[in-house]
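Let's work through a few exercises together, each with its solution spelled out. Have the sequence and the model at hand.

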Amino acid sequence: MKKKGNLKTIIWILVLFLFAGLIAVFGYRVIVTADEVPGKLSSISVAAGNLNYSGCTMKKVQKVSYDVMKYGYMDDLLLAQMDTLDARYEFERMEEIRAINNLTAMSEKTADKLAYQQAKAQREEAEKIAKEAARLAQMAKEAKIRMVAQQIREKEEGNSTVSTGGSGNTGSGDTASKGGKKGEPVYASTHGDSLGKFVITAYCTCRVCCGVYSGGNRTASGTVPTSNHTIAVDTSVIPFGTKVVINGQVYVAEDRGGAIKGKRIDMFFMTHSEALRWGRRTMEVYLAD
């Protein structure tokens with residue numbers, strides 16, 4: 001019995017040594033693992049290795065934030081660094097969006113400004129062209145007026161020759177009957193085809209101009225000779241009743257004379273002095289419209 005009791009004692013001693021060895025080995029492993037795991041797990045490992053840790057503590061439900069759940073394995077320094085990086089990334093992203101928006105707005109403003117400047121330049125160019133056209137038209141009008149005035153002066157002064165009694169040669173034959181009346185001039189704004197240049201002289205019903213036919217009151221066509229109206233013509237060139245425009249004024253072919261041949265016209269005046277003032281001129285003759 002004594003030997004049996006010693007055997008049991010030895011066995012219990014061996015079991016105690018084995019149990020102590022297991023405790024020593026596994027307790028060291030838990031401590032080493034707790035040191036190796038970073039962040040929140042280190043706290044859990046250390047708490048698990050604490051001898052005062054009890055089962056009732058494990059039953060407690062703790063409320064944790066999203067950041068703790070997501071970054072629970074990280075320590076506070078890493079969390080702060082990540083928060084800084086996130087904030088910087090968000091700031092840079094917002095700056096990039098703001099820059100893109102500013103660039104877009106600037107581009108739109110630039111495009112609108114360019115379109116406005118182009119439209120303004122085109123409008124100014126059109127106004128410049130219109131002003132230049134108006135200026136040239138005014139110059140052309142003034143030049144035409146000066147040219148017409150010069151032609152009138154040349155016809156009245158340079159191309160006319162007044163010779164006393166020269167127009168009396170047109171009174172031979174039946175150039176004019178006797179008498180006559182004063183007429184008002186009729187001006188033409190337009191005219192027809194040109195008949196060419198004619199030598200135009202003047203006559204009246206006096207003895208110097210008409211000789212033995214002076215004092216009469218009828219033309220060769222049977223009308224009363226009228227100033228500013230009646231002309232004597234070569235009827236083979238201009239028939240009786242034909243209206244012509246001479247120096248902008250309308251005349252009618254109503255008389256003829258022995259000296260009026262070809263492109264020659266004799267214009268009737270009421271007095272001899274008026275006929276002398278007209279003298280002898282070469283002028284363009286047009287058909288009246």
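**Exercise 1.** Is Tyr203 buried or exposed?

*Solution.* Tyr203 has a relative accessible area of 0%. Buried means under 20%, exposed over 50%, and partly exposed in between, with a 1.4 Å probe and protein chains only. So Tyr203 counts as buried.

Before moving on, some ground rules: this is a predicted model, where local features need pLDDT of at least 70 and side-chain atom pairs count only at pLDDT 80 or more, while totals for chains, interfaces and linings use all residues. Residues are numbered from 1 along each chain as its sequence is written, and side-chain values use heavy atoms, leaving out hydrogens and water.

**Exercise 2.** How many aromatic pairs does a search of the whole structure find? Sort them by geometry.

*Solution.* Step one: the search turns up 2 aromatic pairs. Rings of Phe, Tyr and Trp (its six-membered ring) pair if their centres lie within 6.5 Å; planes under 30 degrees apart are stacked, over 60 edge-to-face, and the rest tilted.

Step two: Tyr203 and Phe268 sit 5.5 Å centre to centre with 65° between the planes, an edge-to-face pair. This pair links distant parts of the chain, with Tyr203 in strand 1 (residues 194–203) and Phe268 in strand 5 (residues 264–268), 65 residues apart. Strands (E, at least two residues) and helices (H or I, at least four) are DSSP runs, numbered from the N terminus. Phe268 is buried too, at 1%.

Step three: Phe269 and Trp278 have ring centres 6.1 Å apart and planes at 40°, so this pair is tilted. Phe269 is buried at 16%, and Trp278 is buried at 11%.

**Exercise 3.** In what order do the 6 strands close into a barrel?

*Solution.* The order is 1-5-2-4-3-6, with mixed pairing; two strands pair if DSSP finds at least two bridges between them. For one of the pairings, take strand 3 (residues 243–246) and strand 4 (residues 249–255), which are antiparallel over 4 bridges. There, Val244 stands opposite Tyr251 of strand 4.

**Exercise 4.** Where is Thr219 placed?

*Solution.* Thr219 lies in the loop between helix 6 (207–210) and strand 2 (230–232). Thr219 is buried, at 5% relative accessible area.
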